[in-house]
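Here is a briefing on one protein chain. Look over the sequence and the structure first, then read the notes below.

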Amino acid sequence: MMRYNVATLLQSPVGTTRTYEIAEDEFRADDLLVTELRGKVLLTRLRENVLLQGSLDAVATLECGRCLEPYQQPLHMDAELVFQPSVAILTGEPLPPPEDDSVYMIDGHHVVDLEEAVREQVLLSLPLRPLCRPDCAGLCPICGQNLNNGPCSGHDQELDERLAVLASLLDPE
């Protein structure tokens with residue numbers, strides 16, 4: 001559980017900090033399974049908000065963009081996020097919502113829930129084009145065999161006669 005009660009932190013002087021260790025064996029970020037989520041976060045009391053600074057490491061199971069095989073992708077995330085209380089700590093009165101969309105809310109019980117913030121950080125740290133390795137050969141465009149396992153055989157490439165003119169451009173003659 002990545003939920004931390006910050007009521008005492010919100011009543012402390014500005015600059016007061018709390019450190020929390022994060023250790024989750026499994027974490028779901030949308031349809032993505034993330035394992036071995038480990039790290040440390042530092043919560044710092046600001047004048048009106050709480051600043052989270054942290055570093056997390058995890059392993060995501062992704063599908064290679066070339067060969068479509070699953071593989072393990074290590075992830076590293078550095079985050080600096082702001083959390084704003086939704087109610088006043090002393091009176092319990094509701095506070096106005098933040099003007100900035102990047103600010104996360106502290107719930108009415110003064111609990112910081114890091115799950116959404118971690119989910120966003122995981123998704124932001126994913127590679128745009130996941131590759132199991134830089135030299136991945138991909139799939140055969142004709143039979144679909146994984147070319148990382150060796151060249152495919154047993155089929156002849158039939159050239160579409162409409163493309164024969166283009167194929168002649170490839171001939172070194």
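**Briefing: loop, strand and core**

N49 sits in the loop that lies between β3 and β4. Helices (H or I, at least four residues) and strands (E, at least two) are DSSP runs, numbered from the N terminus. This is a predicted model, in which local features need pLDDT of at least 70, side-chain atom pairs count only at pLDDT 80 or more, and totals for chains, interfaces and linings use all residues. Residues are numbered from 1 along each chain as its sequence is written, and side-chain values use heavy atoms, with hydrogens and water left out.

**N49**
- N49 counts as buried because its relative accessibility is 18%. Buried means under 20% relative accessible area, exposed over 50%, and partly exposed in between (1.4 Å probe, protein chains only).
- Neighbours within four places in sequence aside, N49 is in contact with T44, V82, F83, Q84 and P85. Contact means heavy atoms within 4.5 Å.

**A79**
- A79 is part of strand β5.
- Its relative accessibility is 17%, so A79 counts as buried.
- Leaving out neighbours within four places in sequence, A79 is in contact with L52, Q53, G54 and Q121.
- A79 and Q53 are 26 residues apart in sequence, yet 5.6 Å apart in space, C-alpha to C-alpha.

**Nonpolar core**
- The largest nonpolar core has 35 residues, and I22, L37, L52, F83, L114, V118 and V122 touch the most other members.
- At least two residues of this core come from each of α1 (7-11), β2 (17-29), β3 (32-45), β4 (50-63), β5 (70-85), β6 (104-106) and α2 (115-125).
- A nonpolar core is a set of buried Ala, Val, Leu, Ile, Met, Phe, Trp, Tyr and Cys residues joined through side-chain atoms within 4.5 Å.
- Beyond its neighbours within four places in sequence, F83 is in contact with N49, V50, L52, V103, Y104, M105, I106, V112, D113, L114 and A117.

**Whole chain**
- The protein chain has 3 helices and 7 strands. From the N terminus on, the order is β-α-β-β-β-β-β-β-α-α.
- Of its 173 residues, 36% are buried.
- Among contacts in the protein chain with a separation of 6 or more, 47% join residues 24 or more positions apart.
- The C-alpha trace spans about 85 × 30 × 25 Å along its principal axes.
- The radius of gyration of the protein chain is 25 Å, while a compact globule of 173 residues would have one near 16 Å. This radius is taken over C-alpha atoms, and the globule rule is 2.2 Å times the number of residues to the power 0.38.
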